[in-house]
Structure formats: C-alpha cells, structure tokens
Amino acid sequence: MSKAIKNDEIYTASLIDKFFQWLKKTTYNNFLENNEKWVNKVSLSLMYFIAAMSLITAIVMLLKYDALNTRHVLATGFCGLLITLVLQYVAAKSLPCLNLMVHNTPVKLSSTSVLDIVALAAGILGIASLIGGLISAIASENFGLFIIGIGLFIICEYWLAMALKPEALNIEIVHDTSAGDEFIGLLTFFAKGSLKMIPLIFCGSMIFVAFDLVAIMFVKFTYIEEISNEVTTITYSLSTALLPLLGYIFFIGYYFTIDIARAFLSIPGKLDKK
C-alpha cells in the first residue's frame, strides 16, 4: 500500500517536472528579458501622454464645471505636467539600476526544489485568479474584477517565470552550499523577484493613470469632492514612478545586510584553516 503511494508521488512529480522543462524551452524562454524591454518602454512613453493630458484634462474640466476655481485648476494641471516629467526622469534613470543590482549580486542554491514549488504555487494561483476574476465579473457585472484577475494572473506568471529560470536572477544552482548560503539564496530570490516586479507595477499604474485622465473628461460629476478624489487617486498612482528608485535603495540596504551575514558565516571556515 505504502509502496503504491510512493510510486504515485514520484510519477506526479516527474510529470510536473517534465511540464516545467517544456515551459522553460518554449513559453518562458527569455520571457523576462523580452517583456522587460517593452514594459519599460510603454511606461516611460505613457508618461509623455500623462504629462500632456494633465493640462488638457484641467482645461476640459474648467469648461465643463463653472464652480471650479480657474487658477487652482490650471495650477494643478501645470504642476501635473512638470511633476510627471520629473518623475519620468527619475524612473528612466532608476530602472536600469534594478537590472544591474540583479545581475551584479550572484547567489547560490543547492537545488531548484523550493523554486519548483514556488513555480507550481504561482501557476495555480495565476489560473485561479484569472478564472475567479472572470466568474466574479460576470456574477457582479463589474468588469473591474476581471481586470484585477488579469493583473494577478500576470504577476503570478512573472513569479512562475523567475522560479523556472533562476539564472535570469543570477542565481547559481550548486550542490556544495551551506545552510547559511541556502537561507541567503532563498531570501535573495524573493528580493530579486520583487525588484523584477517593480517595472510591471509601474507600467500598470501608468496605464491606469492615462486611462483615468481620459475617462474623467467624459464622466459627469455631481460634487467637486468627487473630482478631488479622482485627482488624489491619480496622484497616488503616479507616485509609483518612484518605485524603481525606492526598490534600488531597498535592495542596496538588503544586500549590505547580506554581506555582513556572509562575513559572519565565513568566520568558522577561516578559523578551521588556522
């Protein structure tokens, strides 16, 4: 009885591993590299559109609503234009630094076992999010839920791709690692994975801001507070342009801590040699 269960478990694992190998050679071959190029390009290009729409939307709102303060609205539009261009510069300078941090900080893992589990979990969660978002959208007649489902699906697909190709994060698979190196390797995988997610979140936010700036020109608002709430939402979403810089600073601090930990881990080996 126990033997049959064991064989079933081995067969299942072997089947999943073969499927993962197929994904590595097809769907997820250079997945991260190919997507990063257009994601960054779309994000930064959209910020030109957002900058222009900040002023255009302000003028349109003035024409639609007499109750708005002309100076205040125009000042908001001009500030939106200038701030967007400044944030674009910050993002454009910071985005390449994220890749440099990922590729200039090698780590080691003894096997891909934990990463395979992460890949499986990400794949299941991604499909569940997509199907759940679709069902929820149909049941509630709210298309936004399906968009959320798609967003979660894409995030899970990124984690799946990173777990299947750790070399894309400069993670080397070797057999002679210590427990300390293994712990550092796993932590660094999630830290580097988070860095890789920043351009995707940044791109999604810029798409939302661009869409919202266009949409509010055609929406009928009853109260000025509603317009203020929309502006606040756009402002918070636009501030995600700072994520590349913040992620870079966070990772530097994290890896400085890792270097200190490695120095402590190397002490016993040096003492043994003496």
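**Figure 1. Confidence across the predicted chain.** In this predicted model, the chain has a mean pLDDT of 86, and 93% of its residues reach 70 or more. The stretch formed by residues 1-8 stays under 50 in pLDDT, and for these residues the model has 0 contacts beyond four places in sequence. Where pLDDT is low, predicted coordinates should not be read in detail.

**Figure 2. Order of the elements and overall extent of the chain.** The chain holds 8 helices and 2 strands, which follow one another from the N terminus as α-α-α-β-α-α-β-α-α-α. Because its radius of gyration is 24 Å, well over the 19 Å that the globule rule gives for 274 residues, the chain is more spread out than a compact globule. Taken along the principal axes, the box filled by the C-alpha atoms is roughly 80 × 55 × 30 Å.

**Figure 3. Helix α6, with its kink.** Helix α6 spans residues 179-215, 37 residues in total, and it reaches 53 Å from its first C-alpha to its last, which is close to the 54 Å expected at 1.5 Å a residue. Within α6, a kink of about 25° lies at M197, shortly before the proline P199.

Figure 4. Among contacts between residues at least 6 apart in sequence, 85% join residues that are at least 24 apart.

Conventions:
Residues numbered from 1 in each chain as written. Predicted model: local features only at pLDDT ≥ 70, side-chain atom pairs only at ≥ 80, totals over all residues. Heavy atoms only, no water. Helix = DSSP H or I, 4+ residues; strand = E, 2+ residues; numbered from the N terminus. Expected span 1.5 Å × (residues − 1). Bend = angle between axes of the 7 residues up to and from the residue. Rg over C-alpha atoms; globule rule 2.2 N^0.38 Å. Contact = heavy atoms within 4.5 Å. pLDDT = per-residue confidence, 0-100.
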